[in-house]
Amino acid sequence: MAEYVFPPPPVPAAAVRGGGLYPVRRIFCVGRNYAEHAREMGGDDREPPFFFTKPAAALTPSGAAIAYPPGTENFHYEMELVLALGASAHKIAAEDAQAAIYGYACGLDMTRRDLQAALREKKQPWDLAKAFEESAVLGEIAPASAIGHPRRAAITLAVNGKTRQRADIADMIWSAPEIVAALSLYYHLGPGDLIFTGTPAGVGPVVRGDRLDGVIEGLGAVAATIR
Ligand code: MN
C-alpha cells in the first residue's frame, strides 16, 4: 500500500456531552433563517433559505482564543443553533428528518462581513468571507437521546457580558427538520455532517480582546475570545 507523503491531518472532532468525540466530515450553513436578521442584512424575510459551506478544518472548540483573521476590518460574530447528523439523509421529507439528527450544539459562524458585502455585490462566492481558519466555533454536542429535539429555546449572545443577540429558536423561518430535508435534496447527508442553522438579528463586529458567550437555554453554550 502506498504511504502518505506527509502525515495526514487529524480528523476534526467535537466533544459530546457525556463523553466521546463526534468526528466532523462537513460543515453546512444556512444563510438567512430569522426574519429580523434577513431584514438587517437588507433582504426580504420571505426569501427561501440558501446554503454555503465551511471546511471541516475550520472547526474550533468552544473556549478557544481565535485569531483576528487577515483581510478584514469588520470581523463579526453570528450565534447559531447547530445540528449534528447521525444517520443518512437523502431526499427525505421533513417528517422523517428528525431521526437523522444525532444532537444539537451552539456554534459561532464567524464572518468577514466587509468581504461578504463586497463578494455579494460582485456575485462572487462567499468562501473568503465565511470559509477560513477558526471560523466555526462549536460547543459541546448534546445528544438528542439526552435532551430530545428542542423546538423552542432562548438563544442569546453576549460580547464582554453585554447581550447583543436575543431571540428564540422557534423564530427560525425554517425549522431544523425542514433544513435537513431541504439540504438533503442536494447531498447524501450522513454522520459527521454539521449544519449551522442561521443567526438571529444583532450581529456585530469584534475587536481583539473581546469575549463572546453564546447560550441556547437547556441546550448548551459556546464561548470564544479574540486575540
Ligand atoms: Mn450564519
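At 77% relative accessibility, lysine 123 counts as exposed, where exposed denotes over 50% relative accessible area, buried under 20% and partly exposed the range in between (1.4 Å probe, protein chains only). The structure is a predicted model, in which local features need pLDDT of at least 70 and side-chain atom pairs count only at pLDDT 80 or more, while totals for chains, interfaces and linings use all residues. Residues are numbered from 1 along each chain as its sequence is written, and side-chain values use heavy atoms, with hydrogens and water left out.

Lysine 123 is located in the loop between H3 and H4; helices (H or I, at least four residues) and strands (E, at least two) are DSSP runs numbered from the N terminus. The phi angle of lysine 123 is near 55°, a positive value in a residue other than glycine. A positive phi also occurs at asparagine 160, with a value near 50°. Asparagine 160 belongs to the loop between strand E13 (154-159) and strand E14 (162-168), and is partly exposed, with a relative accessible area of 49%.

Helix H3 (residues 113-121) has Arg113, Gln116 and Leu119 as its buried residues. These cover an arc of only 125° around the axis, which puts them on the same side of H3; the arc is that of the directions from the helix axis to the C-beta atoms. The cover over the buried residues of H3 includes strand E7 (75-77), strand E10 (111-112) and helix H4 (127-130).

The manganese ion has Glu78 (OE), Glu80 (OE) and Asp109 (OD) as its protein donors, at 2.0 to 2.1 Å. Donors are N, O and S atoms within 2.8 Å of the metal (3.2 Å for Na, K and Ca), and sites may look incomplete because water is not among the atoms. The spacing of the donor residues in sequence is E-x1-E-x28-D. Glutamate 78 is buried, with a relative accessible area of 5%, and glutamate 80 likewise counts as buried, at 0%.

A search of the whole structure finds one cavity of 30 Å³ or more. A cavity is a set of points, on a 1 Å grid over the protein atoms alone, where a 1.4 Å probe fits but cannot get out, and its lining residues have an atom within 4 Å of a point. Grid points are joined across faces, edges and corners, and a volume is the space filled by probe spheres set on the points. The largest cavity holds about 90 Å³ of space. Of its 13 lining residues, Gly31, His37, Glu78, Gln116 and Trp126 lie nearest the centre. Helix H3 supplies the largest share of this lining, three residues. By class, the lining comprises five nonpolar, three polar and five charged residues; Ala, Val, Leu, Ile, Met, Phe, Trp, Tyr, Cys and Pro count as nonpolar, Asp, Glu, Lys and Arg as charged, and the others, Gly among them, as polar.

Alanine 89, in the loop between strand E8 (79-85) and helix H2 (94-97), is buried, with a relative accessible area of 1%. Its C-alpha atom is separated by 6.0 Å from that of glycine 190, 101 residues apart along the chain. Neighbours within four places in sequence aside, alanine 89 is in contact (heavy atoms within 4.5 Å) with Ala100, Val180, Ser184, Tyr187, His188 and Leu189. Proline 191 occupies the loop between helix H6 (176-183) and strand E15 (193-196). With the same exclusion of sequence neighbours within four places, the contacts of proline 191 are Tyr22, Arg25, Leu85, Gly86, Ala87 and Ser88.

Terms used
On a 1 Å grid over the protein atoms alone, a cavity is a set of points where a 1.4 Å probe fits but cannot get out, and a pocket is an open set with protein on both sides within 12 Å along at least five of seven lines; lining residues have an atom within 4 Å of a point.
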